[in-house]
Amino acid sequence: MILEKINKPNDIKKLDPIEYNQLAYEIRQFLIENISKTGGHLASNLGVVELTMALHIVFNLPQDKLIWDVGHQSYTHKILTGRKDLFGGLRKFGGMSGFPKRNESDYDAFDTGHSSTSISAGLGYACARDVRKQHYDVISVIGDGALTGGMAYEALNNASRVKGSFIIVLNDNTMSISKNVGGVSEMLSNIRSSDSYYDLKDSVANTLYKLPNGDKLVESIKKKKSNLKQIIFPGQMFESMGISYLGPVNGHDIDKLIKIFRIAKRIDKPVLVHVVTQKGHGYRPAERNPSKFHGIAPFDIKTGELLKKSDKPTYSDVFSDEICELAKNDDKIAAITAAMPDGTGLAKFARWFPERFYDVGIAEEHAVTFSAGLAAGGLKPVFAVYSSFLQRAFDQILHDVCIQQLHVVFAIDRAGLVGSDGETHQGIFDLSFLNCIPNMTIFAPKDGEELKLGLRFGLQDYNGPFAIRYPRGEVTDAFEDFETMPVVYGKAEMIHKGSEIALVAVGSMVETACEVRKILKEKGLDVTVVNERFIKPIDAGMIHKLSFDHKLIVTMEENVGLGGFGDTVCQYADDSQLDVKVLNIALPDDYVEHGNVSILKKEEGIDAAGVADRVLSFYTNI
Ligand SMILES: Cc1ncc(C[n+]2csc(CCOP(=O)(O)OP(=O)(O)O)c2C)c(N)n1
Ligand SMILES: CC(=O)[C@@H](O)[C@H](O)COP(=O)(O)O
Ligand SMILES: [Mg+2]
C-alpha cells in the first residue's frame, strides 16, 4: 500500500512518480470506504484526487498557501497533511471538520464553507506577501459552481493588482451540486469542447516549456495580441482581465497536472489554470449521479444506496409539495434558488413549472434583488434558501426588498442547528439579522402542517416581505393529534394553558417546550406552552396576558440570543413595565461546531433536560 507511506505532511514528495497513480487509486478507495461509514462530501472529493496530489507535489506547503473554495473538496488535502487517521471522526462532534480549518492544521491556509471566497482570500494573501516582501506562492482552487458567485468576479476584477505570482486553479467538472448553470458555465463548456485547441495548446506549451527560457517565451506569447494567442490562450475573458490563462488540462492526468502547475509557478503574475475533472471520478454510482453523492449520508458501497431510509418527509419535502400545490392555482408564483434545487426541494417545482423557475447559480445576493425585480414586475417570488447562505444577502433584503415593501417570500430552510457542516452552516443568525429590518415579517412553524399554513398565508393572505424559517431534517409528528389554529397575522398559538411559568417557543423549540413541560409536570409544575409563530411582529397581546397570571415567561429559540426573539420580548416587557420575569433560552454569542444536532443541543443547553434545569433553577430563585 502506497497510502501507508503517507503519514506526515509532504510525505508525498518522497514517492517515486511511478507510484502516483496507485496512490490516487488508494486515496479513492480510502475516501469511499470512510465516507460510506461517516457520510460526507464524496463526489467532489473523488474528483480532485490527482489535482490535490499534483498541488502538494509542486508547491511547498505550508509556506505556500493553498485555499480551497467552499472547502468541501479538501479531504485528499487532509489525507496528505497527516490527518488520515482522523477520518473515522469526520464531521462528528469533537472530530475532524469537513472543511479546512486554520485551528485544525497549519496546512489549512483559510477557513471556508460558503462559496466563492477563495480568490478574494488568495488575493489578500498575495498582496500581504508583496507588502511584507515575503516569497511564497498562493493558490486558490475554485470550482465552476463557485465561479457562479459574484464575489469571485469582484476578486477577479481586482486580481491584476497583484504584481507577483497568484495562481487560481479552476476545477471545472460542469457541476455545482446540480448541473451548473449560466453563461460562464457555457463559456467554459465551449473552451472544453474545442478539442483542436486543447491538443494544440497542450503540445505547444509543453514544447515551448522545454526550450531554454521557454517560460519567458510562453509569457511573451501571452502578451502579444496575435492570432497565435487566440489559439493558444482561449480563456479570453481572463486574459482581458490581466490574468494569464493556462489549460484546459485533464484533471485526472497527474503528469500533465504537475507540468502545468510548474509552468504556472514560474509565471510572475496572476494566472488561471483551467483543470477539467469528473465529479465522482472512480466510483460508478457517484459518476452516474454526482448530485446524490455530493453530500451523502452513510451508504452501501456495492449498491450506492443509503443505509438508513426513512418514509417520513423532511421540511424541504413539505415545502416542495406545498409550493407546487399553490403554484398550480396561481400562475404568478415563481421560485428562485441559488444553486440548491435539490436541497431546498425546488427540483419538483422546476419540473412542473420550468418557465417560472430560476436557478441563478451560487448567487444569493443576486437572487434576492432578482426576486425584488420579479415582485416589482407583478410576480410572487419565493426564494428558497438555506439560512446560513441568506446571510450573504442582508443588504439586498433591506435595500431592495424591505424598503420598497415588495412581496417576496423567503423560504428559509436549514434554520437552526444543521449538524455535521458545523460553524459555517448553522442557521442560527437569521432571526437576529431579519428581526432588525423594518417591514419584514418572520414566521416559524412548529411542524410540517404549520409550514404549509404559513406558506399559504405568506403567498395568499399577505402582501410584503415574508420570511418563513424551518429546520433541516424530518418533520415532527409531535402535534399530530393537536388541532392547529388558522394563521392570523401577528398572533401566537396556545398549546397548553398552565400557570406560574409560560414557555413561549419559536418553531422547532415548541416541541422541546412540550417536552420541558412534561419534565416540569413531574416536579409538580403545570406550565403554559405557547407557539409564538410570528417572531416579527411578536404577539405582544399574548405576552401582556401571560404576564398577568405567570411569574416567569421563558422564551425559547434555536438562534443566537442577541437580537433574537427573546431580546424582543425582554424589550417589550421592559418598555411596558410588565410585572413578570423573563428568561431567554437561546444559543450563546458564539459559533457552534460540527456534530450531531441532538449532541449540539445538549452541549448548548437547549435540549429539553437542559432547558428544564435552567427554568427550575431560575424559577426557584425568583
Ligand atoms: C454561499 C453558498 N451558497 C451555497 C452553497 C452550497 N454549495 C456547496 S458546494 C456547492 C456547489 C459547488 O460547486 P463547485 O464549486 O463547482 O464544486 P464541486 O462540488 O463541483 O466540486 C454549493 C452550491 C455554499 N457552500 N455557499
Ligand atoms: C458544502 C455545502 O455547502 C453543501 O454541500 C451543504 O453541505 C449541503 O447541506 P445539506 O446536506 O444540508 O443539504
Ligand atoms: Mg463543479
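**A first look at the fold**

Visitor: In this chain, which share of the contacts with a separation of 6 or more comes from residues 24 or more positions apart?
Guide: The model in view is a predicted one. Among contacts in the chain whose partners have a separation of 6 or more, those that join residues 24 or more positions apart account for 76%.

Visitor: How does the radius of gyration of the chain stand against that of a compact globule?
Guide: For 622 residues, a compact globule would have a radius of gyration near 25 Å, and the chain agrees with this. Along the principal axes, its C-alpha atoms fill a box of roughly 90 × 55 × 50 Å. The radius of gyration of the chain itself is 27 Å.

Visitor: How many helices and strands does the chain have, and what part of its residues is buried?
Guide: The chain has 26 helices, together with 17 strands. Of its 622 residues, the part that counts as buried is 53%.

Visitor: How are helices H1 and H3 set against each other, and in which hand do they cross?
Guide: Helix H1, residues 20–38, packs with helix H3, residues 49–58, at an angle of about 125 degrees, and their axes lie 10 Å apart. Because of that angle, H1 is oblique to H3. The crossing in which H1 passes H3 is right-handed.

Visitor: Which residues meet where H1 packs with H3, and how many of them are nonpolar?
Guide: From H1, the residues Tyr 20, Leu 23, Ala 24, Ile 27 and Arg 28 meet Val 49, Glu 50 and Met 53 of H3. By class, this contact of H1 with H3 holds two charged residues and no polar ones, while the number of nonpolar residues is six.

Methods: Residues numbered from 1 in each chain as written. Chains lettered and ligands numbered in written order. Predicted model: local features only at pLDDT ≥ 70, side-chain atom pairs only at ≥ 80, totals over all residues. Axes fitted to C-alpha atoms, helices over the stretch in contact; angles between N-to-C directions. Helix = DSSP H or I, 4+ residues; strand = E, 2+ residues; numbered from the N terminus. Parallel < 35°, antiparallel > 145°, perpendicular 65-115°, else oblique. Left-handed = near helix turned anticlockwise from the far one by under 90°. Contact = placed C-beta atoms within 7 Å. Nonpolar A, V, L, I, M, F, W, Y, C, P; charged D, E, K, R; others polar. Rg over C-alpha atoms; globule rule 2.2 N^0.38 Å. Buried ≥ 20, exposed ≤ 12 C-beta atoms within 10 Å, placed from the backbone.
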